[in-house]
Every structure is written in structure tokens, then in C-alpha cells.
Amino acid sequence: MSRVALVTAKIVDEDIDLQPLLDAVRAEGIDVKSRCWDDDAVDWAGLDLAVLRSTWDYVDRYDEFLEWIDATAKVVTLLNPLDVLRWNMDKHYLRSLTDDHGIAVIPTQFFEPGTSASELEPMDGDIVVKPVRGASSVDALRHASIDDARRHLATLLDQGRAVMVQSYVSAIETYGETGMVYFAGELSHAFGKGPILTKAGASPVDGLYAPEAISPREPTVEQRDLADRVVHACAKDLLYARIDLVPSDDGQPVVSEVELTEPSFFVDHAPGAAARFAKAVAAKMST
Ligand SMILES: Nc1ncnc2c1ncn2[C@@H]1O[C@H](COP(=O)(O)OP(=O)(O)O)[C@@H](O)[C@H]1O
Ligand SMILES: [Mg+2]
């Protein structure tokens with residue numbers, strides 16, 4: 001019997017996808033358990049497959065986690081694949097999606113450590129400042145003034161972090177973000193996510209992550225085309241992918257984030273999704 005781990009973190013007390021995914025993989029006749037990435041007692045080499053699931057403390061332990069994925073990928077098949085994870089854990093990938101693949105993304109300015117926050121020019125509307133290595137909305141803030149945005153930018157740069165700056169996309173208030181979930185390169189389902197940075201200057205994070213309002217959503221043809229193009233651009237052996245889209249000013253979707261590391265799938269909002277994930281895992285076992 002194949003042995004699979006869905007990989008979480010000790011600090012995570014609520015991964016709503018975990019139990020439905022464990023049940024569905026088990027129903028494929030696979031011996032599957034959840035394991036914490038930082039649990040030294042786990043014999044990773046004794047598994048057939050380790051699938052990242054909810055390693056949500058990795059941003060604060062970035063180098064330690066990188067070492068762990070490097071070491072683990074040497075002894076067991078780790079999915080998504082190591083090079084995909086390394087690419088995806090740094091949101092400079094947004095630039096490569098546009099430059100290398102012509103994919104429309106949220107217009108983003110990148111500031112590298114060592115640059116001055118005074119280089120940030122005023123923008124129309126509110127300004128979002130967030131770390132390039134970030135997740136779960138931690139350290140992401142919306143600002144109503146250029147001075148506040150520059151102060152936040154300076155704080156993150158002083159911490160030696162690269163930073164992204166974007167115009168606040170107000171369509172998020174009405175339409176929300178659209179998450180497009182793929183298993184083995186095929187669209188499984190989509191969901192809508194309500195706005196998170198609802199107040200300028202206020203962090204939305206409560207504990208480990210910001211609360212999220214999720215609802216099922218039927219994607220438009222344009223959303224589907226764009227998300228398909230992103231998945232094909234990533235073109236590696238992806239077990240899972242979540243492509244987050246927002247409407248741009250002209251109403252067309254653009255990519256806000258590509259989640260290939262530890263995305264929530266919200267399978268409870270999508271009948272059959274957990275089973276589709278499980279079939280994708282089972283297919284990896286037989287190849
Ligand atoms: N430019 C933006 N305009 C409006 N809201 C934003 C913008 N960037 C981020 N947000 C909000 O902040 C949340 C977290 O940002 P995101 O880029 O998804 O990073 P992560 O999920 O990795 O923390 C998003 O889900 C969205 O609600
Ligand atoms: Mg996000």
C-alpha cells in the first residue's frame with residue numbers, strides 16, 4: 001500500500017481542506033496521513049509521496065523551510081516539484097509571467113532592499129504595500145496616503161525584505177477575487193473571495209491569517225482562458241495549482257497571485273473536488 005503524507009504545520013490548527021482531502025485520498029486505497037513539516041520524528045524517506053498542504057508558517061521561517069524542501073525532495077517525491085516551489089515562494093514570479101509569457105498581472109512595482117522608499121511616487125486611489133515573500137495577508141496593508149505607504153515600504157525594506165506596491169483594486173470590494181483551482185492541470189472548481197484589506201492602515205490578520213469570505217463561483221470564459229494560460233506557462237508537473245484573478249479597470253481579469261505552494265482549495269464549496277484531488281494523487285502513485 002502506498003504511503004502518502006499531506007504536509008501541514010504544528011502551528012496550524014484549522015486547515016478546512018485537510019480532513020476532506022485525507023478522507024478522499026484514503027478512499028483511493030492509499031495509506032495517507034497528515035504530517036508536520038517541522039516534525040523531526042517523521043521518516044520522509046519511508047513515504048512514497050509528500051504533498052504540501054498547509055505549511056502556513058513558512059514565511060517567517062523562510063530559509064529553514066527552503067532547507068527542508070531541498071532536503072525532503074532528495075529522499076521522497078515532493079509535490080509540487082521543488083523548482084516550482086522555489087519559483088512560487090517569491091512573488092517576483094509575477095514579473096516573469098508578464099515578461100516571459102505575456103500574461104496580464106496586477107500592475108506591480110517591485111522595490112528591492114537598499115532602495116529608498118522616497119522613490120515611491122503618488123498613485124491614484126489607495127496604495128497596497130506587501131512583502132514579495134508573503135502569504136495569508138501578513139504584513140500586507142492598504143494606505144490612503146503616500147506618506148503612510150512610504151513609511152510601511154521603508155519598514156519592510158529596512159527589514160531587508162523586497163516589497164511589492166500596487167494600486168488598490170477597488171473592484172475587489174464588489175466582485176472580489178476569483179480563485180481557480182486545478183488538479184493535475186485540469187480545472188477542478190472556482191470560488192469567489194471577498195475583500196480583505198477593507199480598511200486603510202489596518203492589518204486584517206487575526207492570528208496566523210486573515211479571515212476570508214468564500215463562495216462558489218462559475219468562472220467566465222475570460223477567467224478560464226487566463227488561468228489555463230498561467231497553468232500551462234508554469235508547465236511543470238503540477239499536482240495542484242490555484243490561480244487568483246481580479247478584475248482590472250477595463251473589466252478583464254488579471255492575475256493577482258499564483259499559488260503553487262500551500263493554497264487553500266475550499267473543497268467544501270465544490271462537490272467532487274476532494275475526489276478529483278485524490279484521483280490526481282493516485283495517478284502520481286501509478287506513474
Ligand atoms: N492591489 C490590491 N488591491 C486590493 N486588494 C488587494 C491588493 N493586493 C492584495 N489585496 C488584498 O490582500 C489579500 C492578500 O494579498 P495577496 O496578494 O493575495 O497575498 P497573500 O495571499 O499571499 O498574502 C488579497 O486577498 C486581497 O484581498
Ligand atoms: Mg492571496
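Tutor: A pocket is an open set of grid points with protein on both sides within 12 Å along at least five of seven lines. Please keep this in mind as we discuss this structure, which is a predicted model.

Student: How much space lies in the largest pocket?

Tutor: The space in the largest pocket comes to about 920 Å³.

Student: What makes a residue part of the lining of this pocket, and how many residues line it?

Tutor: A lining residue has an atom within 4 Å of a point of the pocket. The largest pocket has 48 lining residues, and those nearest its centre are S137, K193, I196, E212 and E257. Two or more lining residues come from each of α4, β6 (127-131), β8, β12 (240-247) and β13. The largest share, four residues, is that of β13.

Student: Which classes of residue make up that lining?

Tutor: The lining of the largest pocket has 27 nonpolar, 10 polar and 11 charged residues.

Student: What is known of the second largest pocket?

Tutor: The second largest pocket holds about 320 Å³ of space. Its lining has 18 residues, with P107, S167, Y168, V169 and D249 closest to the centre. Both β8 and β12 give two or more residues to this lining, and β8 gives the most, with three. By class, nine of the lining residues are nonpolar, six polar and three charged.

Student: Why is another space called a cavity and not a pocket?

Tutor: The word applies because a 1.4 Å probe fits in a cavity but cannot get out, whereas a pocket is open. The structure holds one cavity of 30 Å³ or more. The volume of the largest cavity is about 50 Å³.

Student: Which residues line the largest cavity?

Tutor: They are R3, V4, A5, D31, K33, R35 and L47. At least two of the lining residues come from β1 (3-8), and at least two from β2 (31-36).

Student: How do you know which of these residues count as charged?

Tutor: Asp, Glu, Lys and Arg count as charged, so R3, D31, K33 and R35 belong to that class. The lining of the largest cavity accordingly has four charged, three nonpolar and no polar residues.

Student: What share of the residues is buried?

Tutor: Buried residues account for 53% of the 287 residues.

Student: Where does a cis peptide bond occur?

Tutor: The peptide bond from L79 to N80 is cis, with omega near -5°. N80 belongs to the loop between β4 (77-79) and α3.

Student: Which residues of helix α4 are buried, and how do you know how they are arranged around its axis?

Tutor: In α4 (residues 93-101), the residues Y93, L94, S96 and L97 are buried. Viewed down the axis of α4, the buried residues fall within an arc of 165°, so they line one face of the helix.

Student: What covers these residues, and what follows just after the helix?

Tutor: The cover of the buried residues of α4 includes α3 (82-88), β5 (109-111), β8 (163-167), α7 (221-234) and β13 (253-259). Just after α4, G102 takes a positive phi of about 65°.

Terms used:
Residues are numbered from 1 along each chain as its sequence is written. Chains are lettered from A and ligands numbered from 1 in the order in which they are written. This is a predicted model: local features need pLDDT of at least 70, side-chain atom pairs count only at pLDDT 80 or more; totals for chains, interfaces and linings use all residues. Side-chain values use heavy atoms; hydrogens and water are left out. Buried means under 20% relative accessible area, exposed over 50%, partly exposed in between (1.4 Å probe, protein chains only). The arc is that of the directions from the helix axis to the C-beta atoms. Contact means heavy atoms within 4.5 Å. Grid points are joined across faces, edges and corners, and a volume is the space filled by probe spheres set on the points.
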